[in-house]
Amino acid sequence: MLNFQLHMPTRILFGAGETDRIGAEASKWGRKILLVTGRSSTKKTGVLDRVVGSLEGAGLEVILFDRIEPNPRAATIDEGGRLAREERCELIVALGGGSVMDAAKAIATVAISERPIHHYLAGTRLGYWKELLPIHEALPVITIPTLAATGSEANSMAVITNWETKEKASISGSALFPVLAILDPELTYTVPASYTADGCADIFTHLYEGYLTGTGDAHVQDEITEGLMRVVIRFARKVLDEPADYEARASILWASTLALIGVAGAGRGGTFPVHQLEHPLSGHHDISHGRGLAILAPAYFNHVYKDRPERFAQMGRRVFGIKTGNDLQDAEETIRAVENWFREIGVKDSLKNQGIPRDALNRIASDAVRIGGRGQGFIPGIRELREADALAIYE
Ligand code: NZQ
Ligand code: ZN
């Protein structure tokens, strides 16, 4: 196990009905709130009214910013940042999926710094990728996830797309840890089957990326990761049959938070090559992040598994119950097992089917290596992925 530092400062309130504590909790941080949400789902489900009611009931003033799109865009962030600053908001409450929570963190940054968010986007043309601006200061953020997927609710990362340049890249900094996350599984009952499944594919990817690419002697982290993978696989099946099953939704929501809060990957030195390959797909073509990951995984696995069959085999044996013989065979069975699970939950898909034509792939591969490689010329992982590797995987 490698040396590591772990910082998990986000306070968590978990359980049915905890949403209604937002008014009392928010009032500890300020009197004027920027409430950030998406364009429609929180209105349709009624949770927006419920949150506004709780905030106003606690005597707080609410400024609503309900313009966040999936794969949130830099221009929207800059607009939200201006609004927070002009209105002198003291706290940001994010109500929505990963896109809304990421947008809230980015708005919290822009509100203080007065710089456009693209100055912070790692690896991009307009961002300062050589000497990335550190994010030391941001408004406090409270997250209330309505979709289980990204783990953004309790981590210090956000992913933003500069739609003018079609560059999707991350920001991070300790100032971005939400001060509080309210995890209420009932809010996720209304997530449609396709986004539920995409979210499960995303959680699963957060788990296997560090596991397959990092050091093999982090045994505590392996057990935690394998346990979380088993939970996601089992309850993804369940929740697609019964969308309002509390036990299943609660299990998936908590797994999504734990998968990317730092604890599963600490001391591994793992990397996120499949994420680096996915971000330009959703950056250029606005597809769902989780779906893009599910499309790429089998191709990525087939590209690299022979370099490290023992890690694939361990995942297959402990997570999917595979036992055919040697490492190489078990690794191949593991790839098939992942594909079968993807097929079962409905995320087995193709770039073509998502509207991404073959002639777009050169530019996407180049962006993947430039942004994901942060100036190194390759995406690190089991194997260093150069542009030709990225292209081969997409194809
Ligand atoms: O747009 P609205 O109206 O809000 O509807 C959303 C959206 O259309 C809908 N939805 C959310 N909760 C719902 C619901 N519909 C019905 N009932 C509910 N309870 O679902 C759609 C997808 O939402 P989105 O927030 O885009 O999905 P997700 O949570 O998967 O977030 C994806 C974004 O997070 C980034 C991705 O790159 C992508 O931009 N990521 C952030 C990470 C982080 N901060 O740590 C890590 C991840 O790897 C990921 O990159
Ligand atoms: Zn992800």
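Guide: Keep in mind that this is a predicted model.

Visitor: How many strands are in the open sheet, and in what order?
Guide: Six, with parallel pairing, and the order is β1-β8-β5-β4-β2-β3. The edge strands, each pairing on one side only, are β1 (11-14) and β3 (61-68). From one strand to the next, the twist averages 15 degrees.

Visitor: Which strands does helix α4 touch where it packs on the sheet?
Guide: Helix α4 (residues 74-86) touches β2 (32-38), β3 and β4. The direction of α4 makes about 170 degrees with that of β3. Helix α5 packs on the sheet too, and it touches β2, β3, β4 and β5. The direction of α5 makes about 165 degrees with that of β4.

Visitor: Switching topics: what comes nearest to ligand 1?
Guide: There are 34 residues around ligand 1, and the nearest of them are G38, P70, G97, G98 and S152. Elements giving two or more residues to that shell are α2 (41-45), α5 (98-113), β6 (157-162), α6 (193-213) and α10 (289-304).

Visitor: Which one gives the most to the shell?
Guide: α5, with four residues.

Visitor: What's the shell like by class, then?
Guide: It has 20 polar residues, eleven nonpolar and three charged.

Visitor: You mentioned α10. Which residues of α10 and α12 meet?
Guide: From α10 it's A294, A297, P298, F301 and N302, and they meet I335, V338, E339 and F342 in α12. That contact divides into seven nonpolar residues, one polar and one charged.

Visitor: How do those two helices line up?
Guide: The axes of α10 and helix α12 (residues 327-345) come within 10 Å and cross at roughly 170 degrees. That angle is over 145, so α10 and α12 count as roughly antiparallel to each other.

Visitor: What about α10 and α14, at what angle do their axes cross?
Guide: Roughly 130 degrees, and the axes of α10 and helix α14 (residues 387-394) come within 8 Å. That makes α10 oblique to α14. The crossing is right-handed.

Visitor: Which residues meet there?
Guide: L296, A299, Y300 and H303 on the α10 side, with D389, A392 and I393 on the α14 side. By class, this contact has five nonpolar residues, one polar and one charged.

Visitor: Last one: how do α9 and α13 cross, left-handed or right-handed?
Guide: α9 passes α13 in a right-handed crossing. The axes of helix α9 (residues 273-285) and helix α13 (residues 361-372) come within 8 Å, at roughly 125 degrees. That angle makes α9 oblique to α13.

Visitor: And who makes the contact?
Guide: α9 brings Q276, L277, H279, P280, L281 and H284, while α13 brings I364, D367, A368, I371 and G372. Together they divide into six nonpolar, four polar and one charged.

Methods: Residues are numbered from 1 along each chain as its sequence is written. Chains are lettered from A and ligands numbered from 1 in the order in which they are written. This is a predicted model: local features need pLDDT of at least 70, side-chain atom pairs count only at pLDDT 80 or more; totals for chains, interfaces and linings use all residues. A residue is near a molecule or strand if its C-beta atom, placed from the backbone, lies within 6 Å of it. Ala, Val, Leu, Ile, Met, Phe, Trp, Tyr, Cys and Pro count as nonpolar, Asp, Glu, Lys and Arg as charged, and the others, Gly among them, as polar. Axes are lines fitted to C-alpha atoms, for helices over the stretch in contact, and angles run from 0 to 180 degrees between N-to-C directions. Angles under 35 degrees count as roughly parallel, over 145 as roughly antiparallel, 65 to 115 as roughly perpendicular and the rest as oblique. A crossing is left-handed if the near helix is turned anticlockwise from the far one by less than a right angle, and right-handed if clockwise. Two residues are in contact if their C-beta atoms, placed from the backbone, lie within 7 Å. Two strands pair if DSSP finds at least two bridges between them.
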